Amino acid sequence: MTSQPLPFDPIARAAELWEKRIGPSTSMAAVTSVMRVQQIIQSAVDTALKPHGLTFARFEALVLLTFSRAGSLPMRVMGERLQLHPTSVTNIVDRLEADGLVRRTPHPTDRRTTLVEITEAGHARREAATEAVTSVEFGLRGLTDRQTEQLTELLAKVRRAVGDFTD
């Protein structure tokens, strides 16, 4: 983020120029805005999680394990729920395991499956990291609760339209 706010909205300016020189700018302005807000959110979340030794992906994995009934999930299920490639899940679990936040355990009935289980240290780290990201509102400032809900609903429509999920 720049140290001084710009005296104008560069995306609105780009949209005006796009409209004059290229054509309709509605989608370009929306996408450019989403991309810029993503940078802002990513920076805020990374800054909040860094003192806890976590990336957002590792934080999400700890949260997912916390949400599971048993505090453990098969790695394959973690990948599905986090929408990540198996290699990425393996890397995340490797880092969390090296930090003592999760442990791999054999599945009790399926020898082909490895479970990932959150440890007490993982619960404590997830709790502290959650306080950190919620204290900065995950970087999403300037909206009311209702506006945030509307934003989530609108983005879900885009995700559904491209096949990210069905319901």
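Aromatic pairs come to a count of one in this predicted model. The two partners are F56 and F59, whose ring centres lie 6.2 Å apart, with 40 degrees between the planes, so the pair is classed as tilted. On the criterion applied here, stacked would require planes under 30 degrees apart, and edge-to-face over 60.

Where does this pair sit in the sequence? F56 and F59 both belong to helix 3, which covers residues 56–67, and three residues, about one turn of the helix, separate them. Their surroundings are described by the accessible areas. F59 is buried, at 4% relative accessibility. F56, with a relative accessible area of 29%, is partly exposed.

R13 is placed over the face of F8, 4.1 Å from the ring centre.

I turn now to the chain as a whole. The protein chain contains seven helices and three strands, and their order along the sequence is α-α-α-β-α-α-β-β-α-α. For 167 residues the globule rule gives 15 Å, whereas the radius of gyration is 20 Å, well over that figure, so the chain is more spread out than a compact globule. The C-alpha trace spans about 65 × 35 × 30 Å along its principal axes.

How much of the protein chain is buried? Of its 167 residues, 28% count as such. Finally, as to contacts between residues at least 6 apart in sequence, 47% join residues at least 24 apart.

How values were computed
Residues are numbered from 1 along each chain as its sequence is written. This is a predicted model: local features need pLDDT of at least 70, side-chain atom pairs count only at pLDDT 80 or more; totals for chains, interfaces and linings use all residues. Side-chain values use heavy atoms; hydrogens and water are left out. Rings of Phe, Tyr and Trp (its six-membered ring) pair if their centres lie within 6.5 Å; planes under 30 degrees apart count as stacked, over 60 as edge-to-face and the rest as tilted. Helices (H or I, at least four residues) and strands (E, at least two) are DSSP runs, numbered from the N terminus. Buried means under 20% relative accessible area, exposed over 50%, partly exposed in between (1.4 Å probe, protein chains only). A charge sits over a ring if NZ of Lys or CZ of Arg is within 6 Å of the ring centre and within 35 degrees of the ring normal. The radius of gyration is taken over C-alpha atoms; the globule rule is 2.2 Å times the number of residues to the power 0.38. Contact means heavy atoms within 4.5 Å.
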